[in-house]
Amino acid sequence: MYKKKQTVEVEIIDLGEKNQCFGRLEDGIAIFVQGPAAVGDVVQAEIFKIKKKYLAARFLSVVKPSPHRIDPVCRYFGLCGGCKWQHMDYTEQLRLKRKQVQDALEHIGGFKEIDCAPCLPAPDLLGYRNKMDFSFTDLRYLTSEEIDIEPDQHEKPVDFALGFHAPGCFSKAIDIDHCDLSTPEMNITLNTVRRFCLQHREELPIYSTHTHTGELRNLVVRHGGHTGEFMVNLVTSTHNPELMQKLCETLKNALGDRLTTFVNNITSSKNTVAFGEKEYVLHGPGTITDRLGDYTYRISANSFFQTNTTQAETLYNQILDIARLKPEDIVYDLFCGTGSIALFASGHCRKVLGVEVVESSVNDARENAKRHEVENCEFIRIDLKDIADIEAEMREFGHPDVVITDPPRAGMNPKAVKMLLKMAPPTIIYVSCNPASLARDGQMLCEDRAYRLVECHPVDMFPQTNHVESVARFERVD
Ligand SMILES: C[S@@+](CC[C@H](N)C(=O)[O-])C[C@H]1O[C@@H](n2cnc3c(N)ncnc32)[C@H](O)[C@@H]1O
């Protein structure tokens, strides 16, 4: 009965898997709507997929707005995939973030009994990011209005973009000149670097993901949320000393003494991750510092650091709160980055072992412990897939009472979960930026009733986006 391209009207009643809005048509068939709809909206949508049990459709327009609908602040809303929830009020964003974690734990992890705590809100809803990673592409993403314009008639070149990848498309970027989650310095840098690179297009061609030739890869900016220190990191394929010096002067002119350091990272990698193999420091110390609680951290261009400074403190306090450390405890901080959780925990336990694969992060972690005269933390470089290495280290350091694990989005490698099960610490605190990974790894931990999930606290590190962090406590079943 339904046809592709047919327009239907539907009330959005819930948010389904993968954050797709969900409703039912008059005959009861489920319909998933892609695009900026909100729960409570009545929308018009165009069907693009017809299955026996459900339809998939694209959002067209709002017929009757949800009471939670608000006007998005960003001019790129709906185009850029970053802030997918700017059209919902903050109370609704928090409700949906908690629901996301609860649903993943129930449906993916099989945790039927768990009742997640309310999502902890962030104090700053805009301008909160301390790091931005802008991509260069030689294909600018064109809007539906732009697509029919002749290439030489466009206001901006079609073969140059500096901004964010278009959703689901790594070869194109939306050329942006302002991001509301960035600080003013980041936006100034974005536009200064764009102007400079457009002026030097011959010498600085954009790296092509098709031919794997060209220079410009990423512009990464980092801002110490509590210190105001500012780093610009241009990631290129090779180092051009003369041009980088010129760009350095241009940045100093634009930012004055707000520029703490400028580095040029070089990568030969064919993928789009902004990670340098060699680094040239053109201005300042090559690192910045930021503060979390009582600790000041040194941060290098390639080191991981929580991207929302104020909310990282909330997250770490939440970790400490549910870890309930005792003075005699031995703690492991797995995936420790620059050692920030380890330092936070160091005053509450006997000693901490931080484990991390990125060399510069381990060096930063050691330096961070040294500068605070923290003597009960050790940091080692280990790939957590290499079980033998961690087992050897464990024999030397002592068996952990509490393991805090904070893996990347994809979660832990199954080998690492098995290693945790073998280690069998009485308490595991799992910190996760991906509810599905938490649910999957949590299920593995609780298989054969080895552990039980006791509590879970969602924390909003990224207002306006559909991302949510959570902190969960697993206890060994003895
Ligand atoms: C989500 S970050 C957590 C960092 C830190 N806990 C914090 O709060 O700042 C994940 C960290 O895991 C590290 N990592 C990724 N894969 C790894 C692996 N196989 N072995 C060890 N560390 C890894 C990354 O370099 C990154 O620093």
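This is a predicted model: local features need pLDDT of at least 70, side-chain atom pairs count only at pLDDT 80 or more; totals for chains, interfaces and linings use all residues.
Local features are given where pLDDT is at least 70, side-chain atom pairs count only at pLDDT 80 or more, and totals for chains, interfaces and linings use all residues. Residues are numbered from 1 along each chain as its sequence is written.

**Domains**
- The chain is divided into domain 1 (7-69), domain 2 (96-124 + 306-476) and domain 3 (131-292), with bounds that come from an automatic or database domain assignment.
- The centres of domain 1 and domain 3, taken over C-alpha atoms, are separated by 37 Å.

**Ligand shell**
- The ligand is surrounded by 18 residues, of which the closest are F304, F335, G337, V357 and L384; a residue is near a molecule if its C-beta atom, placed from the backbone, lies within 6 Å of it.
- By class this shell has 10 nonpolar, 4 polar and 4 charged residues, where Ala, Val, Leu, Ile, Met, Phe, Trp, Tyr, Cys and Pro count as nonpolar, Asp, Glu, Lys and Arg as charged, and the others, Gly among them, as polar.

**Sheet**
- An open sheet of mixed pairing is formed by 7 strands in the order β17-β16-β15-β18-β19-β21-β20; strands are DSSP runs (E, at least two residues), numbered from the N terminus, and two of them pair if DSSP finds at least two bridges between them.
- Because β17 (377-381) and β20 (451-459) stand at the edges with a single partner strand each, one side of each is left without a neighbour in the sheet.
- Strand β18 (residues 402-405) pairs with strand β19 (residues 427-432) in the parallel sense over 4 bridges, and V403 stands opposite I428 in β19.
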